Amino acid sequence: MAADANNQEELITLVDDQGNETLYQVLFTFESEDYGKSYILLVPAGSEPEEQVDVLAFAFNPDENGDAKDAELFDIENDEEWDMVEGVLDTFLNDENMR
């Protein structure tokens, strides 16, 4: 698994069931060889690093540049897959070299 080392701030807009748009910042993306998928983790745009926020995670199909588009995000429905994503997030949050 490799975390995206791109430091430029990437933003993505998500639209909920009621049509409300919310802007999110891409925390990082990574690929899982075990599941053969790419994953993206998002935090609310404008949140501070020390601020307690909910992190959203989705599977996605990267485009030719390896980027995600909001229409291509998929919910993670498998408990084992969620556990793997949470483990990667924990590693990211606790490893100073990955931030």
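The following exercises, each with a worked solution, concern a predicted model.

Residues are numbered from 1 along each chain as its sequence is written, and side-chain values use heavy atoms, with hydrogens and water left out. Because the model is predicted, local features need pLDDT of at least 70 and side-chain atom pairs count only at pLDDT 80 or more, while totals for chains, interfaces and linings use all residues.

**Exercise 1. Determine the order of the secondary-structure elements in the protein chain.**

Solution. Helices (H or I, at least four residues) and strands (E, at least two) are DSSP runs, numbered from the N terminus. The protein chain contains 1 helix and 5 strands. Read from the N terminus, their order is β-β-β-β-β-α.

**Exercise 2. Classify the accessibility of Glu81 and of Lys37, then list the contacts of Glu81.**

Solution. Buried means under 20% relative accessible area, exposed over 50%, and partly exposed in between (1.4 Å probe, protein chains only). With a relative accessible area of 5%, Glu81 is buried. Lys37, at 36%, is partly exposed. Contact means heavy atoms within 4.5 Å. When neighbours within four places in sequence are left aside, Glu81 is in contact with Tyr35, Lys37, Tyr39 and Ile76.

**Exercise 3. Describe the aromatic cluster that includes Phe28 and Phe92.**

Solution. Rings of Phe, Tyr and Trp (its six-membered ring) pair if their centres lie within 6.5 Å; planes under 30 degrees apart count as stacked, over 60 as edge-to-face and the rest as tilted. The whole structure holds 3 aromatic pairs. In one of them, the ring centres of Phe28 and Phe92 are 4.3 Å apart and the planes lie at 25°, so this pair is stacked. Phe28 is in strand β2 (residues 21-32) and Phe92 in helix α1, and the pair links distant parts of the chain, 64 residues apart. Both Phe28 and Phe92 are buried. Phe30 and Tyr39 are also stacked, at 5.2 Å centre to centre and 25° between the planes. Phe30 and Tyr39 are likewise buried. Together, Phe28, Phe30, Tyr39 and Phe92 form one aromatic cluster.
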